[in-house]
Amino acid sequence: MGREIKFSLVYRDMWQSSGKYVPRVDQLTKIAPVIVDMGCFARIETNGGAFEQVNLLYGENPNKAVREWVKPFNKAGIQTHMLERALNGIRMYPVPADVRRLMAKVKKAQGVDIMRSFCGLNDHRNLELSIKYAKEAGMISQAALSITTSPIHTVEYYMSVVDKLVEYGADEICLKDMAGVGRPQTLGLLVKSIKTKYPHIKVQYHGHSGPGFSVASTLEVARAGADYIDVAMEPLSWGMVHPDVITIRAMLKDAGFTVPDINMSAYMEARSLTQSFMDDFLGEFIDPRNKIMNSLLVGCGLPGGMMGSMMADLKGMHAAINAALRKHGKPEVSLDNLVVQLFQEVEYVWPKLGNPPLVTPFSQYVKNIALMNIFAMANGEPRFSRIDKDSWNMILGKTGKLPGTLAPEIIELAKQQGLEFYTGVPHDAVKDQLPEYRKEMEENGWDLGQDEEELFELAMHDRQYRDYKSGAAKKRFEEDLAKIRADKAAALAPPTKEVQVERLFAYISDKYPQATPVLAPVSGTMLWEADFTDKSVAPQPGKEFKKGDFFACVEAYYGLEEVCAPIDGKLVDTCVKQGDKVAKGDVIAWIE
């Protein structure tokens, strides 16, 4: 038989790539024994990233979740691993050294075996303490390379980072292909280089499926010597997540590797349980687009893990962008077109911002700048006129050294705003804070927790932890969930006449504030009028029209369908006058 390949299930990442929340502790403890019974996993990614933060967001204790979740895997001899962001720990901004050290101690005590650490900029200086603290706590230190594709990110570039990580004492190297944009051939060459130079180092491949390279990449890294492959399982595999274990196993077995068997009865049970968690409430927060692979990601390189939050941001900005476009006489954009615009803008600004690998939090920063550029341009303003503080910290070097070179206009903009560039070690600028948080817990009468895990949680996620303790988080989550369900029920229910009329008035007043109602909704009728070319005059027979000008007909639910004139012509007749009743399909005007 051929060389053995082992699988790691990224169950935590499956949820965070697909939606806003993760399963509750009772759900996790229900599925853990079933995952064990599948018999094909050597490792499980259980926590880290946003896992603990989102537990706090819906009022659950993340420490209880981690302890209960990892217990069956510990008992079965399956290794568990967490994900952490080096300088940023398991949050979005820098974490003091004393809190990072406590994190490793707490997670080891809770039963987590491996600490996977990555720096979104691949700045080895940010990873040095992660490696030190993981090994100090008795954990396996797996240092990750944030994979992306650019002229800068070559095999030689990544090997220069690997050399430092091995020097610091890393036990393993992970290729964190968070956007799935790593090219199979290049990834294979990188793994071969690592295994040739450091044969004692274990290599794990983590590749998202979004742009479609992940299966080919998996085969290439396996042939080059990778030891572990991250996989997912239905109903949350593929799309923006990871390829399914069934497919990857079959492919590698055919290629001559030794791979474990899958207990398919347990697989189907785990699949059913995951679906039941989605049906419970988690599915309410999953955008359907996250189940679809998208080749547009090849160009922009955005990661699958942020697709849920990105779509939420886009939906929030969609109306504001369209309002700005209308204000400046420009055509509106659909949400789908806005997604494409954002991808294109990310691709445009990325090299100007120094080519930071697009992984949390830097993917969010680049996406935020791109989205604000789109909004600024809709308002007639120049690009880069709206950059937030966190994005500036990345640009200025406060979070690490950028791999590439900043564009001259970005450097000039920083000078105009009196901002200074930072060239020191990022961690040197962050002071210890544990004594302050310990004092806060004592003053509130809060228990520090087993192995000081509650102290750690406050220090890592202070605002969310306070909301969890006060009950505000649980209340907010229940209100959000109730609203989502009410909105969904309302959307599915047949609209009443009152709702139909409200929708029509809202549509008209928003899009055509100059429109004049000429018939009130009596006996189910409604008519309004406005000139689509000259907004001050209502259309009358004899009015000249050009190709593309609008006229209208009444539509279902008393809505209005806008119809483009197919040719130049003249308004020759109208079938309705003020007071006339109209019905679905009635034409208000004809074009000659």
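Student: Ground rules before we start?
Tutor: The model is predicted, so local features need pLDDT of at least 70 and side-chain atom pairs pLDDT 80 or more, while totals for chains, interfaces and linings use all residues. Numbering runs from 1 along each chain as its sequence is written, and side-chain values use heavy atoms, with hydrogens and water left out.

Student: Which residues have the most contacts inside the largest nonpolar core?
Tutor: Tyr 11, Leu 145 and Leu 175, in a core of 156 residues. A nonpolar core here is a set of buried Ala, Val, Leu, Ile, Met, Phe, Trp, Tyr and Cys residues joined through side-chain atoms within 4.5 Å; buried means under 20% relative accessible area (1.4 Å probe, protein chains only).

Student: And what does Leu 175 touch?
Tutor: Not counting residues up to four places away in sequence, its contacts (heavy atoms within 4.5 Å) include Leu 145, Ile 147, Val 203 and His 206. There's also a second, separate core of six residues, Cys 174 and Met 178 among them.

Student: New topic: is Leu 9 buried or exposed?
Tutor: Buried, with a relative accessible area of 0%. Leaving aside neighbours within four places in sequence, Leu 9 is in contact with residues including Met 14, Phe 41 and Val 231.

Student: How far is Leu 9 from His 242 in space?
Tutor: 9.5 Å, C-alpha to C-alpha, though they're 233 residues apart in sequence.

Terms used
Buried means under 20% relative accessible area, exposed over 50%, partly exposed in between (1.4 Å probe, protein chains only).
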